[in-house]
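Subject: The model, and some notes on it

Hi there,

Here is the structure I promised you. Have a look at it first, and then read on for my notes.

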Amino acid sequence: MAKRVLMPGRFQPFHNGHYHALRSLLEEYEEVVLAVGSAQEGFTCQNPFTAGERLEMIDIFLKHEGLRGRVWLIPVPDIRMPLAWTTHVLSMAPKVEAVASGNPHVLYIYKWAGLKTIELKLHEPSRYNGSRIRSLMLEGGEWRSLVPGVIAEYIEAVDGVERVRKVCSSGVY
Ligand SMILES: Nc1ncnc2c1ncn2[C@@H]1O[C@H](COP(=O)(O)OP(=O)(O)OP(=O)(O)O)[C@@H](O)[C@H]1O
Ligand SMILES: NC(=O)c1ccc[n+]([C@@H]2O[C@H](COP(=O)(O)O)[C@@H](O)[C@H]2O)c1
C-alpha cells in the first residue's frame, strides 16, 4: 500500500501556499489525500466555490503539473462534532499514515484521536491565504499572481470574481 498523508482544507481557492505544502509532503510521501472540506458550502462569501468547482480546479492543476497519479481528491462536508469529524474524514479517504495541517485546531483533534500529525510550515502566510485572496477579488486587487495560472484561468472561466462580489455584498457569509 502506498505511503499516504491526509491534508484537509477548504481551498477557497487553492493557492500557491497550498501548492508549496503539497510539494513538501510529496517529498516524503508517495501520495497525498486532499480532503476538500466544508463541501456542503458554496456561493457564500467565505466559501464562494462549490465542492465540485474546487475539485475541478485542483484536478486541472494536478493534471497540468503531472501530479494526478499522486494526489487523491475527496469532498468532505462539515459535521458539527470536531472529534467525530476526524474519523468522518478518515472513513471516506484511502488509508493514510498521518495528517498534515497548519491549523492548530485540526492538529490538536487528530493528535487527540491518536493519529500521527505533521505541522505544515506556512509559506509566506501573509501573502498566501484564502481570506486575503478573496478580499483582493472583492476590492479589485491583484490576486492572480497568488494562485497557480491554471487556477486563475478556471476562476475567471466561472466568473469567480463577480461571484465573490455578489455573494459578499448580499450578506451571505
Ligand atoms: N501559505 C500557506 N503555506 C502552507 N500551507 C498553507 C498556507 N495557507 C494555508 N495552508 C494550509 O493549507 C491547509 C488548507 O488551508 P485552507 O484551505 O484553510 O487555506 P487558507 O488559505 O488558510 O484559508 P482561509 O484564509 O480561507 O481560511 C491548512 O492546513 C492550512 O494551514
Ligand atoms: N466539526 C467539523 O465539521 C470540523 C472540524 C474541524 C475542521 N473542519 C473542516 O476541515 C477543513 C479544514 O479546515 P482549515 O482549512 O481551517 O484547516 C474545513 O473545511 C473545516 O470546516 C470541520
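To start with a question: how many bridges join strand 4 to strand 5, and do they run parallel or antiparallel? Strand 4 (residues 98-101) and strand 5 (residues 116-119) run parallel and are joined by 4 bridges. One of the pairs is Ala98, whose bridge partner in strand 5 is Lys116.

Some conventions before I go on. The model is predicted, with local features needing pLDDT of at least 70 and side-chain atom pairs counting only at pLDDT 80 or more, while totals for chains, interfaces and linings use all residues. Residues are numbered from 1 along each chain as its sequence is written, chains are lettered from A, and ligands are numbered from 1 in the order in which they are written. Helices (H or I, at least four residues) and strands (E, at least two) are DSSP runs, numbered from the N terminus, and two strands pair if DSSP finds at least two bridges between them.

On confidence, the mean pLDDT of the protein (the predictor's confidence in each residue, from 0 to 100) is 97, and 98% of its residues reach 70 or more. The lowest confidence is in helix 7 (residues 160-169), at a mean of 96, and the highest is in strand 2 (residues 31-36), at 99. For the complex, the predictor gives an ipTM of 0.97 and a pTM of 0.97.

Strand 2 and strand 3 pair over 5 bridges in the parallel sense. Val33 stands opposite Trp72, and Ala35 has Ile74 as its bridge partner. The chain gets from strand 2 to strand 3 through helix 2 (residues 51-65), and this β-α-β crossover is right-handed. Strand 1 and strand 4 pair, again parallel, over 2 bridges, with Val5 opposite Ala98.

Finally, the ligands. Ligand 1 is surrounded by 20 residues, of which Gly9, Gly17, Gly102, Gly130 and Ser131 are the closest (a residue is near a molecule if its C-beta atom, placed from the backbone, lies within 6 Å of it). Helix 1 (16-28) and helix 5 (130-139) each supply at least two residues of that shell, and helix 1 gives the largest share, 4 residues. The shell around ligand 1 divides into 6 nonpolar, 12 polar and 2 charged residues. Ala, Val, Leu, Ile, Met, Phe, Trp, Tyr, Cys and Pro count as nonpolar, Asp, Glu, Lys and Arg as charged, and the others, Gly among them, as polar.

Around ligand 2 there are 14 residues, and Gly37, Ser38, Asp78, Trp85 and Asn103 come nearest. Strand 1 (4-9) and helix 3 (82-92) are the elements giving two or more residues to this shell, which holds 6 nonpolar, 5 polar and 3 charged residues.

Best wishes

Terms used:
A crossover is right-handed if, with the strands pointing away from the viewer, the path from the first strand over the helix to the second runs clockwise.
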